[in-house]
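Let's take a friendly walk through one protein model.

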Amino acid sequence: MINQFSRTEILLGKENMDKLKNSRVAVFGIGGVGGHTVEALVRSGIGTVDIIDNDTFSLTNINRQTFATHKTIGRYKVDVAKERLQEINPEVIVNTYKTFFTPESSKDFDFGNYDYIVDAIDTVTGKIELIMQSKKCNTPIICAMGAGNKLDPTAFEVEDIYKTSVCPLARVMRSELRKRGVKSLKVVYSKEEPIKPKFTPEEKKGNQPAPGSTAFCPSVMGLIIASEVIKDITQT
């Protein structure tokens, strides 16, 4: 019978589509990377997604975040995402959390409930907490490294954290994970040297300006992550 996942089923088969429908994936952070990840997961047939993000959409999100439009400015990202995801698949279960993930807020989540965890958040402390909790529960996790200040979408690779190079965030993560005895971690990272931002004098004043970003680098990273999640779930 023809359904919205028929083209995917041609490649994966009925058994794997059932497996995806019965899977629950948590995506922490649904900005430029995580937003594209969760949309691709739902379009691929994942039956339950948990989306965790406390942010609202702003004007500067529109250049790269899949759920961001002029109409969604000021709205919570998880609320907008839930509406769109259920328009894509009315049967998908979407659990939303307006939460800034930290070691302190990790107690609000049962990581053993997930079949897979996606780390698409920005803070090192949050990433480390996600990794340690996933390892504790033996739940698979994939982590996004730096996508800001990049222009080459072909430079992204899937690799173990200890085989990464160039990426400044990956370097920090390697050091912190060694201290904690973490032996391996699947990540998506870029070998492109970060581009020096072209800030105006006004933009340089005050707090550290946000990194530059494009429509194509975060989206490519997000889609690579989604493909790894689908591959890992269907091959287990």
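## Before we start

A residue is called exposed if its relative accessible area is over 50%, and buried if that area is under 20%. Keep in mind that you are looking at a predicted model.

Which residues of helix 2 are buried? In this helix, made of residues 14-21, they are Asn 16, Met 17 and Leu 20. These residues span an arc of only 100 degrees around the axis, so they sit on the same side of helix 2.

As for the buried residues, their cover includes helix 1 (6-12), helix 3 and helix 8.

## Strand 2, covered on both faces

Next, find strand 2, residues 48-52. Five of its five residues are buried, so the rest of the structure largely encloses this strand. In a regular strand, side chains alternate between the two faces of the sheet. In strand 2, Thr 48, Asp 50 and Ile 52 are buried on one side, while Val 49 and Ile 51 are buried on the other.

## The partners of strand 2

Strand 1 (residues 24-28) runs parallel to strand 2, and five bridges join the two. Within this pairing, Arg 24 stands opposite Thr 48. To get from strand 1 to strand 2, the chain passes through helix 3 (residues 32-44), making a right-handed β-α-β crossover.

Strand 3 (residues 93-97) also pairs with strand 2 in the parallel sense, over five bridges. Here Thr 48 faces Ile 93 of strand 3. Together with helix 4 (residues 77-88), strand 2 and strand 3 form a right-handed β-α-β unit.

## Asp 232 in helix 8

Finally, look for Asp 232 in helix 8, which covers residues 217-234. Is Asp 232 buried or exposed? Asp 232 counts as buried because its relative accessibility is 19%, and the cut-off for buried is under 20%.

What does Asp 232 touch, leaving aside neighbours within four places in sequence? Its contacts are then Tyr 116 and Lys 186. With Lys 186 there is also a polar contact from side chain to side chain, at 2.8 Å.

Conventions. Residues numbered from 1 in each chain as written. Predicted model: local features only at pLDDT ≥ 70, side-chain atom pairs only at ≥ 80, totals over all residues. Heavy atoms only, no water. Helix = DSSP H or I, 4+ residues; strand = E, 2+ residues; numbered from the N terminus. Buried < 20%, exposed > 50% of the residue type's maximum accessible area, 1.4 Å probe, protein only. Polar contact = N/O pair within 3.5 Å; in protein donor to acceptor, adjacent residues only side chain to side chain. Contact = heavy atoms within 4.5 Å. Pairing = 2+ DSSP bridges. Right-handed = clockwise from strand over helix to strand, strands pointing away. Arc of directions from axis to C-beta.
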